Amino acid sequence: MASRHRYNVCTKRSITIHKSPEELYHAWRDPGKLVNFLSGAAEVSVLDDRRSLWISDIPGKGCVSWEAEIITDRTDKSLSWRTVNTTGFGHTGSVHFAAAPNSLGTEVGLEVCTRITGGRLGKAVAKMLGRSPEDYVSQTLHNFKQLMETGEVATNKGPSGREKAPVEQCGQGGAL
Amino acid sequence: MRAACWQDKHTVEVRNVPDPEIVNPHDIILKVTHTTICGSDLHLYDGVVPGMSKGDIIGHEPVGEVEEAGSAVGKHKVGDRVAVSSVIGCGRCFYCRNQEFSMCDNSNPNAWMQEKVYTYPTAGIFGYSHLFGGYPGAQAEYLRVPYADVGAFSIPEGISSEQAVCITDAFPTGFMGADLCGLKGGETVVVWGAGPVGLFVMKSARLLGAERVIAVDNIPYRLETAREQCGAETLDFTETGVTDTLREMTAGRGPDCCIDACGMEAHGTNAFVGAYDAVKQAVMLENDRGHVVRQMIEACRKGGTIVIMGVYSLFVDKFPLGAAFNKGLTFRMGQMHGPKYIQRLFDYTLQGKIDPSFCLTNKFLLNEIPHAYEVFKKRTDNCVKVLVKVS
Ligand SMILES: NC(=O)c1ccc[n+]([C@@H]2O[C@H](COP(=O)([O-])OP(=O)(O)OC[C@H]3O[C@@H](n4cnc5c(N)ncnc54)[C@H](O)[C@@H]3O)[C@@H](O)[C@H]2O)c1
Ligand SMILES: [Zn+2]
Ligand SMILES: [Zn+2]
């Protein structure tokens, strides 16, 4: 079991989604759906009911893989997981679903704890590169909201006259 | 395909880039036939909008034919002639359901980036920086249009593509400027800026019942257009003190509504404050020049309404909050909610209440767009707005 000590930086964000807690819980519980909105996720294979194998493009880390194992599972309310056998981005995470006031749908809270080495400097560098753990958590929540409210994850994929930056191909699917 | 790519401050080049493809089920691919250049593109051109990269395709006023439709598109079929809103709304979120499309929660793929600046992400806009989504723009032969059932509107028989191109952005922006004034009829409305947006504010204010429309600018041919096309009285801000003149023109009452159709690059109206803002903008201490907003606050009557349709991106200094507070002013502003207005503006056009193409003074082909930017920017050839024929 990963100790708090090991995963020393926790990021928590929340978002309101115009869907019921049940729908949102079920989408998150299904790796085949989750792969569409987890920021950077490229591929997933289901190992058993609680475990799945992920290949993901993590900003600043490149292509990494991990096994996610569900630790707690409260139907329509919350999920938590930890990673094992990682090649990077080892983390623990949890997501909570609660009805929002005024018929606004569901309040979704996501917390991800990772290990950032190099203390304050490491965090500062991750921030400066523009894709910190906060960005990962935020973009995952926005992607989730987009998919659940509109049926698709917003993308700016398309042509440009920009010099092509070398992109690392992560798995077969298109990384979001 | 050929597309206008932003290279650097004051450099736009037409380059060969890959064609866009359908990515999401609500997308269409538009074969662009007509487009134009907006005052907002001039802000990109002048390098005052953050979040641009060399090579980005710009432009946000597309009219064309549906070339291909994604599997979930219901409203449009291949071959339809459509006009597309510059601002992209998902149609499903809290804001879109309230018709506040420019505040869409879902259409900005770079939400994580933009919320660092504005706390909450706002809608994506075609070809308008990575902060606003990093979407490829409309000054191109083809365009991928997301959520096409929300933002693309079939152009009715009887409306020309030239008219429609003005209904993608400039006219709805002007109309929203007048709409936000909450006119009941009989008001005096003052519009700063007699560019395309300002002229559409003036025409719209008339449509919505304003009795008196006053235009402020310093470009003689634009003031003449305001007089002749919009029945406006005009003020050249380099010739008179605007606040005092407006007070006298309204016998000490002050105008009911003041609308900014200039934006963050407004020219100085007072030598000292103008120079102060220009220097601060040049050294990036103050990103946006605020003298039009300050002047509106001074000039507006007590209890009046200030509407800002000109674009601001970051900070403005020396905001006269005391005057605004003690006069009890109301502030309304924002990027325009295109899909809320487009059908209504088609209807006004069909009814002959307005011909939106009145502002298209100069015509170019896509390959000539670098020159078109120069003409629009330098206000040569009496240019109000350019039409760019793409195919
Ligand atoms: N809110 C929106 O959704 C939206 C949409 C489109 C355009 N815009 C913005 O509207 C503004 C106008 O767009 P446009 O296409 O008409 O551009 P434009 O550049 O052609 O027009 C601006 C006009 O303002 C005048 N001006 C400059 N300083 C002035 C001052 N101090 N007092 C009075 N007039 C002054 C200029 O001479 C010019 O005629 C721009 O800021 C643009 O970004 C906003
Ligand atoms: Zn515009
Ligand atoms: Zn929306």
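How are α7(B) and α8(B) oriented to each other?

**Entry 1, confidence.** I note that this is a predicted model. I read off an ipTM of 0.93 and a pTM of 0.94 for the complex, both from the predictor. For chain B I find a mean pLDDT of 96, with 98% of its residues at 70 or more.

I took helix α7 (residues 196-207) of chain B and helix α8 (residues 220-230) of chain B; their axes come within 10 Å and cross at roughly 20°. Angles under 35 degrees count as roughly parallel, and α7(B) and α8(B) are therefore roughly parallel to each other. I recorded the crossing of α7(B) and α8(B) as right-handed.

I then listed the residues that meet. On the α7(B) side they are B:Pro196, B:Leu199, B:Met202, B:Lys203 and B:Arg206. On the α8(B) side I have B:Arg222, B:Thr225, B:Ala226, B:Gln229 and B:Cys230. Sorted by class, the residues of this contact are five nonpolar, two polar and three charged.

How many disulfides does a search of the whole structure find? I get one over all chains. A:Cys10 and A:Cys113 form the disulfide, with their sulfur atoms 2.0 Å apart. I note 110° about the S-S bond, and the link of A:Cys10 and A:Cys113 is right-handed.

Where do the two cysteines sit? I place A:Cys10 in strand β1 (residues 9-17) of chain A and A:Cys113 in strand β7 (residues 106-114) of chain A. The pair is 103 residues apart and links distant parts of the chain.

Definitions and conventions:
Residues are numbered from 1 along each chain as its sequence is written. Chains are lettered from A and ligands numbered from 1 in the order in which they are written. This is a predicted model: local features need pLDDT of at least 70, side-chain atom pairs count only at pLDDT 80 or more; totals for chains, interfaces and linings use all residues. Side-chain values use heavy atoms; hydrogens and water are left out. Axes are lines fitted to C-alpha atoms, for helices over the stretch in contact, and angles run from 0 to 180 degrees between N-to-C directions. Helices (H or I, at least four residues) and strands (E, at least two) are DSSP runs, numbered from the N terminus. Angles under 35 degrees count as roughly parallel, over 145 as roughly antiparallel, 65 to 115 as roughly perpendicular and the rest as oblique. A crossing is left-handed if the near helix is turned anticlockwise from the far one by less than a right angle, and right-handed if clockwise. Contact means heavy atoms within 4.5 Å. Ala, Val, Leu, Ile, Met, Phe, Trp, Tyr, Cys and Pro count as nonpolar, Asp, Glu, Lys and Arg as charged, and the others, Gly among them, as polar. pLDDT is the predictor's confidence in each residue, from 0 to 100. A disulfide is a pair of cysteine sulfur atoms within 2.5 Å.
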